[in-house]
Amino acid sequence: MPSPSIVRVLSKRTVAPPPRPRERIPLTCWDAAMLSSNYIQKGLLFHKPASSALQVVDHLATALGDALLHYYPVAGRFATEQHRDERTGAVVGCSVHVDCDGQGVEVLHAVAEGVTMADVAPPDADVPRDLLAQFFPLTDALNYGGREQPLFAVQATDLADGVFIGFAYNHALSDGTAFWDFVNYWASLARARLGLAPAPSMPKPSFERWSPDGGVAGPAVLPCADVSELIERATPLRLRERMLHFSADSLAALKERARDELLAAGDAAGAAALTRFQALSSLLWRCITRARRLAPEKETACRAAINNRARLRPQLPQEYFGNTIYAIGTEPARAGDLLARGHGWAAAAVGRAVAAHTDAAIRARVAEWTTKPMVYTHRFFDTTGTMIGSSPRFDMYGCDFGWGRPLAARSGRANKFDGKTSLYPGREGGGSIDAELTLMPENMVALEQDDEFWAGVTPDAPVPTPHKKSM
């Protein structure tokens, strides 16, 4: 593989939205809890466009400026405010808000000489972490850094036969649902500018933050004199990553296997409620636990990020532009019991955790956080559990900027640890899923010898041969 040190940034520019009245948007509990986490780093691999790279970067920047007209908070910065005791004047806490004053986002143009698409997305092999890390701006940035750094930056990197577009997006601004809505709208504007599609309908992102009582949301106040007191930077870990493909047929077989086991155990209700997500989560949880060689009495749990929008009553609109996610988890299970009870039992355990995430449960967690505010740090991720993030529902492969759909989706090093899996839609669609799995090297070696796991994985196909397509 070519050396990952040859990625060079050629240019950098700031793109701002059209002028508009200055606005403040408070960070609520869901947003403020993300301040110590990394930026979202997601990227898309494309064939090389027929036009020159400079024209492509201009094209992306112009369409991005148009998108920021409606998604203007993305071009803002964070600002902090101290809260004081009315009687004594002592500082009792700090809050953060989005200062929407058109400060702008960054667009970078880079080149990776000699690097091919096959180097970036090799089939049935480790993800090239060191190489991919250089395709993303704001490397290692924490969300609280959004006071000085842009809340969004994009880097277009020219490859020998393609282009990689890497996004860095502040996770305290919004969750992945809102992020991908923004990127897809930007892409639709880019296609329309080339006459390849009609102008998209005007988006209606909702910037009004949710509050439990249905009134105007106030800022989440953190218990500190300065938010920096709560920020922790995780120590870099030695990790391996694999991008694993699960076809629709493979997922159906995993679900059917879990169903048969539950019916044989007399759990008709659990069998009837099964989903493909539960079946895949079961496979990951059990096989990762086996690869870690945990002591039989050691407890483990499977956790997953879940969207609150449709679970709240009344529901939040899909267009809600902010964070509204929680990590749900199964009841802890002893490692020996998890492996002995089988695939169906683990799938049903995941299903129970999902079903329990109701409006009442969400509101109880909000109330608990309000009583004792905190931010997520690396210490919240245990070394015996598994964590599933992102979503195959995100329309990553709909992001056509005018020269064809993406060929692959990848991510940077941000927010990764042993046992973390991010789910993506499969490239061929049809309900397929790609799972980006991160493990310590010794655990990945053990997983690679797990016959049960690999029986469920579909062999991946190489990136399609490049073809010319004019803009």
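Which residues line the largest cavity? Before I come to that, a word on what we are looking at. This is a predicted model, in which local features need pLDDT of at least 70 and side-chain atom pairs count only at pLDDT 80 or more, while totals for chains, interfaces and linings use all residues. Residues are numbered from 1 along each chain as its sequence is written, and side-chain values use heavy atoms, with hydrogens and water left out.

Now the answer: the largest cavity is lined by Val120, Ala121, Pro122, Pro123, Asp124, Ala125, Val127, Met243, Arg410 and Asp460. By cavity I mean a set of points, on a 1 Å grid over the protein atoms alone, where a 1.4 Å probe fits but cannot get out, and a lining residue has an atom within 4 Å of a point. The space in this cavity comes to about 40 Å³, a volume being the space filled by probe spheres set on the points, with grid points joined across faces, edges and corners. Its lining divides into seven nonpolar, no polar and three charged residues, where Ala, Val, Leu, Ile, Met, Phe, Trp, Tyr, Cys and Pro count as nonpolar, Asp, Glu, Lys and Arg as charged, and the others, Gly among them, as polar.

The search of the whole structure finds two cavities of 30 Å³ or more.

Let me turn to the domains, whose bounds come from an automatic or database domain assignment. The protein chain is divided into domain 1 (7-230) and domain 2 (240-455), and their centres, taken over C-alpha atoms, are separated by 25 Å. The contact, meaning heavy atoms within 4.5 Å, takes 73 residues from domain 1 and 52 residues from domain 2.

Both domains also meet at the second largest pocket, whose lining draws at least three residues from each of them. A pocket, unlike a cavity, is an open set with protein on both sides within 12 Å along at least five of seven lines. This one has a volume of about 250 Å³ and is lined by 16 residues, of which Cys29, Gly218, Pro219, Ala220 and Thr370 lie nearest its centre.
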